[in-house]
Amino acid sequence: MITTARPLYVEALRVGDTERATAVALGLLSDGMPAESVLTGLLGWGQQEVGHQWQRALWGVDDEHRATAVAGAVLTRVVEVATSTSSGPVGGSSARVYIACVEGERHEFPARLAEAVLRLRGAEVTVVPLSVPSGGLVEFFAADAVPGRTFAVGLSCAMPSSLVGAWRTTGVLRAAGIPVVCGGRGFGRDGRWAHAVGADMWAPDLSAGADMLLAAATSRAHQAPARHRSPRLIAEIVAAAGDVDGLVDIAMDRVMVQWPDLAQDTARAEAVRRDLVTTLRTVMSAALVHDPALVLGYTEWFADYLRQRSLSLTHMSVVFQALMEALPHDLVQLRDFAEVGVEASAHPS
């Protein structure tokens, strides 16, 4: 049933046909598929497919944004229909839950999906606006939550380059004694980086995440032990995170020396700058969790991105080398992980 529906749904996303995409999703509901399965198996799968289409250069950024807007409308409609036709929420939970994206994250749709799954289970759930910084989360909860009532927070992270932001967000929540459940591909396929940035629990999928959040929200969940990091590493991460623009400016100057024609190509120059920002944040994340596999995975992704667009792999090598030259010599551990990228980009697989 869902195997047949998936290509129809993605095609509707591609052309921006909200009515057709909604009909596909509601058709599964009317055929007896549970609403949660429609959300996870169709809409969640669909967003992954949107990302794959962009990665393969089959869809552009505008296509991706249009598809996500359509998916958001379908999500709203599925929840409306499911709640209006059911006798009550599955499980009938009265838990209080918040869903937030980690600092720096801009992919909000996974958080909305998590919200919908929890709502269908009867939870009282709020998605924290992206505009609320990590430092403002506790104040946000204090203004919104019911005094004396326990709650839990789910954190969404789509990209490993956002792990430093995840670390800062979990740090704020842990300091306030708030249980944290992390989910999303940004924490690694097996969640290997979730506990490294301070999560109490990691959920492999939306359904498991809902189970964990509902349990944590109704009990005083025990916090996982904090991971010790050297003060030197923390100082390096904080220094780099506080000067991303400055470091990228220096790296961009190095790139311009090699590619002076960028001065006449604003669009290409902006693309290079975005690549430098993402690469720097990836290096910072790898140093934070002390895992060179994060950088190596990024170089594989970067190389595939370039190949799909028939672009030279030299682009990746230049980006890493420029970043390496921009990093101050006292950022020793960050430079070690940048060097992993320099070497991998010189001999891409």
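Arg309 lies over the face of Trp54, 5.0 Å from the ring centre. A charge counts as over a ring if NZ of Lys or CZ of Arg is within 6 Å of the ring centre and within 35 degrees of the ring normal. Arg268 is placed in this way over Trp259, at 4.9 Å from the ring centre.

This is a predicted model: local features need pLDDT of at least 70, side-chain atom pairs count only at pLDDT 80 or more, and totals for chains, interfaces and linings use all residues. Residues are numbered from 1 along each chain as its sequence is written, and side-chain values use heavy atoms, with hydrogens and water left out.

**Aromatic pairs**

Trp54 is also part of one aromatic cluster with Tyr298, Trp301, Phe302, Tyr305 and Phe320. The whole structure holds 12 aromatic pairs. Rings of Phe, Tyr and Trp (its six-membered ring) pair if their centres lie within 6.5 Å; planes under 30 degrees apart count as stacked, over 60 as edge-to-face and the rest as tilted. Two pairs are listed here.

| Pair | Centre to centre | Angle between planes | Class |
|---|---|---|---|
| Tyr298 and Phe320 | 6.1 Å | 70° | edge-to-face |
| Trp301 and Tyr305 | 5.6 Å | 20° | stacked |

The Tyr298 and Phe320 pair links distant parts of the chain. Tyr298 is in helix α12 (residues 292-308) and Phe320 in helix α13 (residues 314-326), 22 residues apart. Helices (H or I, at least four residues) and strands (E, at least two) are DSSP runs, numbered from the N terminus. Both Tyr298 and Phe320 are buried. Buried means under 20% relative accessible area, exposed over 50%, and partly exposed in between (1.4 Å probe, protein chains only).

Trp301 and Tyr305 both sit in helix α12, four residues apart, or about one turn of the helix. Tyr305 has a relative accessible area of 19%, so it is buried. Trp301 is at 31%, so it counts as partly exposed.

**Positive phi in loops**

Ala57 is not a glycine, yet its phi is positive, about 65°. Ala57 belongs to the loop between α3 (35-55) and α4 (61-85). Its relative accessibility is 34%, so it is partly exposed. Ser310 also has a positive phi, near 55°. Ser310 is in the loop between α12 and α13. At 69% relative accessibility, Ser310 is exposed.

**Arg227**

Arg227 is in the loop between α8 (206-217) and α9 (231-241). Its relative accessibility of 42% makes it partly exposed. Leaving out residues up to four places away in sequence, Arg227 touches Ala196, Val289 and His290; contact means heavy atoms within 4.5 Å.
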